[in-house]
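This note sets out points on backbone geometry and pockets for a colleague's review. Please read them beside the model.

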Amino acid sequence: SPNPFSPDGDGFEDMTILNYELPSTTGLIRARIYDSSGRLVRTLADGEPSGSHGEIIWDGYNDRRERARIGIYVVLLEALDGNGGGLQTVKSVVVVAAKL
């Protein structure tokens with residue numbers, strides 16, 4: 001939240017916070033943002049240690065530090081159970097908006 005958000009630098013809803021809860025107490029997470037065409041826009045976490053819950057902040061910029069275009073983005077969170085268990089995948093949608 002918020003969703004949509006507007007990374008325009010005005011100090012109001014410039015970033016979104018992605019909250020998550022995992023079924024295991026420890027693990028590794030990977031969080032990526034894709035555009036509506038399936039292209040990777042931003043990697044927010046890549047093999048980061050995590051507890052059973054947490055949050056990741058997306059500032060609305062891509063990996064080249066350019067502001068993301070207005071539109072719909074897919075958040076893909078993958079969590080690997082730290083006890084040798086399986087991989088859990090969660091998808092969500094977030095919208096980058098701007099003032100008209």
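1. Pro 4 is found in the segment before strand 1, strands being DSSP runs of E of at least two residues, numbered from the N terminus. The peptide bond from Asn 3 to Pro 4 is cis, with omega near 10 degrees. Pro 2 also lies in the segment before strand 1, and a cis bond with omega of about -5 degrees joins Ser 1 to Pro 2.

2. The model is predicted; local features need pLDDT of at least 70, side-chain atom pairs count only at pLDDT 80 or more, and totals for chains, interfaces and linings use all residues. Residues are numbered from 1 along each chain as its sequence is written, and side-chain values use heavy atoms, with hydrogens and water left out.

3. Most residues other than glycine have a negative phi, and most peptide bonds are trans. Glu 13 has a positive phi, near 50 degrees, and is found in the segment before strand 1. For Arg 65, in the loop between strand 4 (53-58) and strand 5, phi is near 65 degrees, again a positive value.

4. Glu 13 is partly exposed at 34% relative accessibility, the class between buried (under 20% relative accessible area) and exposed (over 50%), with a 1.4 Å probe and protein chains only. Arg 65, at 48%, is partly exposed.

5. The lining of the largest pocket divides into six nonpolar, four polar and seven charged residues (nonpolar: Ala, Val, Leu, Ile, Met, Phe, Trp, Tyr, Cys and Pro; charged: Asp, Glu, Lys and Arg; polar: the others, Gly among them). Strand 5 supplies the largest share of this lining, three residues.

Key. Helices (H or I, at least four residues) and strands (E, at least two) are DSSP runs, numbered from the N terminus.
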